[in-house]
Amino acid sequence: VAWSAAIPSHVRDREEAVLSADLKQLTETIRNLDLQIGQRRASRERLTASIEYEVKLVDTLSERVTMRETLLRRDAGPRISVLDAQEGLQRAQAQLASNQGQVLEIEIAVAQLESEKAKARSQFIADYEASFKRFTDGYQIPLDVEKWVRGSPPGELIARCIVETHGGRIWAELPASGGAAFHFTLPGVAS
């Protein structure tokens, strides 16, 4: 981060520590997603290889059914052998269809994980562009302001700019006992 010289060193150190921790978290998230993607791709490869053999098995079992039907028609074999062959063929076809469906599910899961990686990166960039904008732009005091704003002295103007830049709210109250009471809130901090 290219810090303005106007940003105090303790603020730079704090923000760099937060950025470093968040970068480590992003890196770990992406590494975890990459591992999940690798696992899914390995499963896809295993299933693809299995499918190749199952296709060959289905072809072989189809030939067996045809041969046994031929033998049955020639009165050279029992009907049960045809049914057994058909049952084996149907089991192999069911397993093949199941594995093909699993390959499709894995491809969808990989695409989803890739999308989550892109989302994590985009969210990280968006969060930090917004967070560091206040440091790169600095505290902005309106140009048309001279000495007083809404009856407030310049100190309150500066305080208002700082608090509002950090997403907070500042206001003044006039107690019955006299004087003025200033209050402010910051995100995650009670006044």
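**Reading cores, a pocket and an exposed residue**

Q: Let's start with one residue. Which residues does Val58 touch, if we skip those up to four places away in sequence?

A: In this predicted model, Val58 touches Leu89, Ala92, Gln93 and Leu96.

Q: How many residues are in the largest nonpolar core, and which have the most contacts inside it?

A: Think of a core as buried nonpolar residues joined through their side chains. Here the largest one has 15 residues, and Val58 and Leu89 have the most contacts inside it. Helix 1 and helix 2 are the elements that give two or more residues to this core. Helix 2 provides the largest share, eight residues.

Q: What does the second core include?

A: That core is separate and has six residues, among them Leu26, Ile30, Ala120 and Phe124.

Q: Now the largest pocket: what lines it?

A: Read a pocket by its lining, then ask where the lining comes from. Here we find Asp22, Gln25, Leu26, Thr29, Ala120, Gln123, Phe124, Asp127 and Tyr128. Helix 1 (9-73) and helix 2 (79-137) each supply at least two lining residues, with the largest share, five, from helix 2. By class, that's four nonpolar, three polar and two charged residues. The pocket's volume is about 150 Å³.

Q: And Arg46: why is it called exposed?

A: Exposed means over 50% relative accessible area. Arg46 is at 53%, so it counts as exposed. You'll find Arg46 in helix 1. Arg46 and Asn99 are 53 residues apart in sequence, yet their C-alpha atoms are 9.8 Å apart in space.

Note on methods
Residues are numbered from 1 along each chain as its sequence is written. This is a predicted model: local features need pLDDT of at least 70, side-chain atom pairs count only at pLDDT 80 or more; totals for chains, interfaces and linings use all residues. Side-chain values use heavy atoms; hydrogens and water are left out. On a 1 Å grid over the protein atoms alone, a cavity is a set of points where a 1.4 Å probe fits but cannot get out, and a pocket is an open set with protein on both sides within 12 Å along at least five of seven lines; lining residues have an atom within 4 Å of a point. Grid points are joined across faces, edges and corners, and a volume is the space filled by probe spheres set on the points. Helices (H or I, at least four residues) and strands (E, at least two) are DSSP runs, numbered from the N terminus. Ala, Val, Leu, Ile, Met, Phe, Trp, Tyr, Cys and Pro count as nonpolar, Asp, Glu, Lys and Arg as charged, and the others, Gly among them, as polar. Buried means under 20% relative accessible area, exposed over 50%, partly exposed in between (1.4 Å probe, protein chains only). A nonpolar core is a set of buried Ala, Val, Leu, Ile, Met, Phe, Trp, Tyr and Cys residues joined through side-chain atoms within 4.5 Å. Contact means heavy atoms within 4.5 Å.
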